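Here's a quick briefing to read alongside the structure. We'll start with one residue and then step back to its chain.

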Amino acid sequence: MEFQILVNFKFLNDLIWPPACRWLLLLMKQFLFYLTTVISLLFIGSCSSDENEETQYSDLFQNVADNIIIPRYSNFDESLSDLISELNNFDSTELSSLEILQEKFINAYLSWQKVSAFEFGPAGETSALLRSNINTFPTNSTKIESNIQNNDYNLEAASNFSAKGFPALDYLLFHTSQSELLIELMNESRINYMKNCLIDMQSKLDYVINGWDTYRNVFVESEGNDQSSSLSLLFNHFLFDYEQLKRNKFALPAGFASSYGIPISSDPSKVEGFYSGKSFELIYANLTALESVFMGMGENGVDGIGIYEMLKEYNAVSTVVEGDLSEAIANQFLICKELVNQFSNELAYEILNNISQVQETSNELQKMVPMIKNDMRSYFSVTVTLGDSDGD
Amino acid sequence: MGHLTGGYMFNANGFEPVQLIVKGIMGSCFYYQGTSVYLSEAKMNVDNDVASLTSDIEYTDMQHHFDESFGYLGAPIDMSVANPDGGSYWGKYAKKTLVGSLTTIDNIMQDGFIAGRHAINNMDYDTRDQAIAVIQSEWEMIPVASALYYLNSAEAAIADDAVRNHALSEAIAFMSALKWNSNALVTPSQVDDMIAMLGDNLFNITAVMISDTRNALASAYGISNPSEF
């Protein structure tokens with residue numbers, strides 16, 4: 001627009017206006033130049049603000065809340081209840097009873113992987129703090145044993161967070177052979193300890209599920225991109241959960257992580273699900289859960305509005321690999337899932353015996369981080385609020 | 001007996017001496033000097049013969065004392081809500097007020113130090129005293145906001161002994177600082193009571209203890225969004 005007007009003026013300048021009027025023309029030209037510049041700027045300005053207003057996230061929030069978060073919490077609740085009733089019926093004289101109990105434990109632990117990314121709203125409140133209460137690993141077996149022996153413990157005390165939740169049950173249900181476990185579990189105080197852990201977990205989960213009854217509308221109706229907006233919360237906890245997976249579940253036990261710049265040496269006992277040896281299954285479930293939030297895939301199997309669709313709307317481009325950001329992230333999920341699936345032994349074993357393949361997988365898991373943390377974040381215009389402390 | 005956990009050094013009950021010392025000095029020295037010594041009547045009831053100054057680099061005793069107070073804030077002269085960076089000590093922690101959407105930085109700079117210095121230059125002591133009251137009450141919000149921030153960090157990292165105990169030690173030190181303002185909104189015994197809510201062993205603390213302390217501190221200062229800090 002601006003260019004065209006100036007060209008027209010040049011044409012007028014040369015052909016029509018007599019030299020005597022040139023001074024006037026110059027003034028007008030200058031005036032018009034400023035005018036068009038101002039108009040152009042206003043136009044650009046209003047364009048971008050219109051775009052922000054036009055980009056509606058409520059469809060995303062609605063799909064994520066109604067078809068992903070709420071049904072996942074309800075599935076998790078169901079699998080936790082199954083585990084509790086199995087524990088209540090446990091018969092330490094029957095191997096099959098232990099096997100079913102172990103199986104229900106794995107089911108519940110896998111089910112947890114689908115909700116760990118939603119540590120905002122009710123899940124992040126004092127009464128829930130789900131991630132800390134339910135999945136603090138590695139677990140502290142010494143603490144667990146001393147709690148059981150003393151039969152005097154407060155599971156709410158900070159020092160007991162590493163002695164409860166799934167990692168504590170993982171220890172109590174898998175740390176030795178099934179025949180020895182059956183003998184051990186004749187001890188009522190061990191069963192009671194597991195029951196108390198499960199009651200603790202279920203009470204926190206109940207709080208969250210009840211909380212979503214009212215929080216659902218708050219979440220869906222949220223606007224804007226400030227730190228308390230649903231956009232920022234969903235993004236930040238998606239990123240945080242992914243980074244937990246990449247670092248604490250994988251790179252840290254494998255010896256690829258560092259703290260304050262100091263490398264941390266490999267320690268296979270730090271993997272998630274160390275005693276049951278289910279690390280890869282848990283990681284795979286976690287990855288799939290994040291992938292379907294990204295794709296907008298509901299628990300009912302309906303592919304709705306996800307982050308994928310929102311980035312498409314922005315025509316978002318990846319800075320990590322060539323091309324479309326939505327496709328790049330979707331593809332990276334596939335690559336990571338395939339690599340995680342390729343191992344034939346449990347993660348702790350692979351760290352000790354197959355470090356090059358572990359390294360390759362770690363590299364691909366890492367590759368996703370800038371796609372989310374830089375690229376996705378910049379299209380959503382949110383800031384990273386979770387993560388490293390300020391270092392002082 | 002001490003613990004070296006996650007790069008921090010704690011005593012046997014989980015308190016981190018370095019935070020109690022460094023932030024302790026920020027409270028008992030910088031904050032005390034800034035809010036309660038250099039703005040006190042003794043320091044303000046001094047020569048202010050502005051007319052006798054012959055150059056820009058000269059200053060009266062009163063101007064000097066007032067500028068000393070500003071020095072203890074550790075803020076750049078143009079710090080604002082929109083431009084909060086570049087401070088040190090209290091000037092650095094002032095940014096924690098932004099997380100809770102407080103306008104502390106603009107208030108303490110515009111209505112406090114800038115208005116107060118201008119009033120002194122004009123020998124307008126009523127306006128000066130109003131500005132001093134603003135400085136004292138707004139500065140107080142920096143340790144409050146910092147303590148709320150660290151209590152929230154501690155709750156979020158409750159399962160991590162190192163991060164939690166570090167954050168709690170920071171919070172305790174910032175709450176202790178509140179005692180060093182002669183015009184504080186809370187009394188020293190109220191501060192002690194709030195700190196005592198955290199118990200005497202940070203390894204045994206619960207999320208509810210942290211959140212109760214946070215809520216007590218917030219309600220003492222009329223803050224309705226403590227979990228946003």
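Skipping neighbours within four places in sequence, B:Thr127 is in contact with B:Ala115 and B:Ala119 (contact: C-beta atoms, placed from the backbone, lie within 7 Å). Keep in mind that this is a predicted model, where local features need pLDDT of at least 70, side-chain atom pairs count only at pLDDT 80 or more, and totals for chains, interfaces and linings use all residues. Residues are numbered from 1 along each chain as its sequence is written, while chains are lettered from A and ligands numbered from 1 in the order in which they are written.

**Around B:Thr127**
- B:Thr127 sits in helix α7 of chain B, which covers residues 125-156.
- B:Thr127 counts as partly exposed because 15 other C-beta atoms lie within 10 Å (20 or more would be buried, 12 or fewer exposed, in between partly exposed, with C-beta atoms placed from the backbone).
- From B:Thr127 to B:Asp161 it's 34 residues in sequence and 49 Å in space, C-alpha to C-alpha.

**Chain B as a whole**
- Chain B has 10 helices and 2 strands (DSSP runs numbered from the N terminus: helices are H or I, at least four residues; strands are E, at least two).
- Starting at the N terminus, the order is β-β-α-α-α-α-α-α-α-α-α-α.
- Of the 229 residues in chain B, 45% are buried.
- Among chain B contacts with a separation of 6 or more, 60% link residues 24 or more positions apart.

**Overall dimensions**
- Along the principal axes, the C-alpha atoms of chain B fill a box of roughly 60 × 35 × 35 Å.

Note on methods: Contact = placed C-beta atoms within 7 Å.
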